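Trainee: I am new to this structure and would like to go through it slowly with you. Could we look at it together?

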Amino acid sequence: MKKYYLQYDYGIGNNAGPKAKKDINRILATDNYQQIKVKFPKNKFYRLIQAPIIWKKSMVNIHDSIIVMQYPLYSDLYNKFLFKEIVKQKKNNNKFVVFIHDIETLRNTPDDEESIQKEINRLKVFDYVICHNDSMKLWLKSEGINVPMYSLKIFDYLSNSKKYSNNLNSNIINYAGNLNKALFLKQKFSNKKIYVYGPNKAVNFNFAEYRGQYSPEEVPLHINQGWGLVWDGDSITSPKGSMGNYLRYITPHKLSMYIRSGIPVIVWKQSAAYNFVKSNNIGIGIDLLTDVDNKLDDISMVQYNEMKTNVLMLAKKLNEGYFTKKAIREFEEHYIEE
């Protein structure tokens, strides 16, 4: 079978959102997948009108092929059309694989079963679903997904090669992300040095030092010591609300960024990411942010150095696209008839 991946024109910016999708496409391109490029008009009105035409034109000669897509796709209106077209395209003996980045209803409206089922019905049209981890896989199965599924475990992270620091300073906590969403940083939770990176510095972080904003590719070049913190929301007790619940099912891309930076991580113990962190010995889990100092003080330099060694081995895999390639290979070897 021929092999393709769908490439959207994403635009440029210091927003990490598209990076995971871009990286997957770059990795697939090195794995003998050809690009189906879909470029939309900038004007929203023309984009909505022309999207169906652009899609059909892109797919007109595609048959007997594997087509890899990434979810969520483009826009909700476009999605309604696109999922119907996927069903039609399967009649041409095409197999559709999807990488899940976000499940919007699980993140935003986890108690709205009607909305959840609409989203689940979209995912059901795919022949193979690649989700974040086993927690997400179990949730999808409980909501009615019955096609083959695969747990990615962690997103790969491509960036320019860097020389990792030998500085074993374990008294620094790094946080990188959209600072508008990191309101917990307004409250003091640690006596360690706290460095923050990212856009939207509209909040005065009295207990943290702002270290600038960089593109997702550049961030690993600037973070090289201490720990990487994975946390969300406005509370230092636990990630609350819908985002707190969401962490129970996802493996945040932020985790990949810290690993690619070469530093161990700090995650919420009730998050799905904690299972990966613990099994690979690349960091620690905490219940409360206010526990972090005691936890870090209990880590010897020998233990920290061991974690960092494990992180560096994983960083190499992330930069080679190891997890993406493994997921695709599983589909090709077990679900495609020769």
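Trainee: How much accessible surface does the protein have, and what share of it belongs to carbon and sulfur atoms?
Mentor: Keep in mind that this is a predicted model, in which local features need pLDDT of at least 70 and side-chain atom pairs count only at pLDDT 80 or more, while totals for chains, interfaces and linings use all residues. Residues are numbered from 1 along each chain as its sequence is written, and side-chain values use heavy atoms, with hydrogens and water left out. Accessible areas come from the Shrake-Rupley method with a 1.4 Å probe, and for residues only the protein chains shown count as cover. On that basis the accessible surface of the protein comes to about 16,100 Å², and the share belonging to carbon and sulfur atoms is 47%.

Trainee: Is isoleucine 120 buried or exposed?
Mentor: Isoleucine 120 sits in helix α5, which covers residues 113–123. Leaving aside neighbours within four places in sequence, isoleucine 120 is in contact (heavy atoms within 4.5 Å) with Trp139, Leu140, Glu143, Gly144 and Ile145. Buried means under 20% relative accessible area, exposed over 50%, and partly exposed in between, with a 1.4 Å probe and protein chains only. Since its relative accessibility is 1%, isoleucine 120 counts as buried.

Trainee: In which loop is asparagine 32 found?
Mentor: Asparagine 32 has a positive phi of about 70° although it is not a glycine. Its relative accessible area is 61%, so asparagine 32 is exposed. The loop that holds asparagine 32 runs between α1 (19–29) and β2 (34–38).

Trainee: What is the relative accessible area of lysine 153?
Mentor: Lysine 153 is a residue other than glycine with a positive phi, near 85°. Lysine 153 is found in the loop between β6 (149–151) and β7 (172–176). Lysine 153 is partly exposed, because its relative accessible area is 41%.

Conventions
Helix = DSSP H or I, 4+ residues; strand = E, 2+ residues; numbered from the N terminus.
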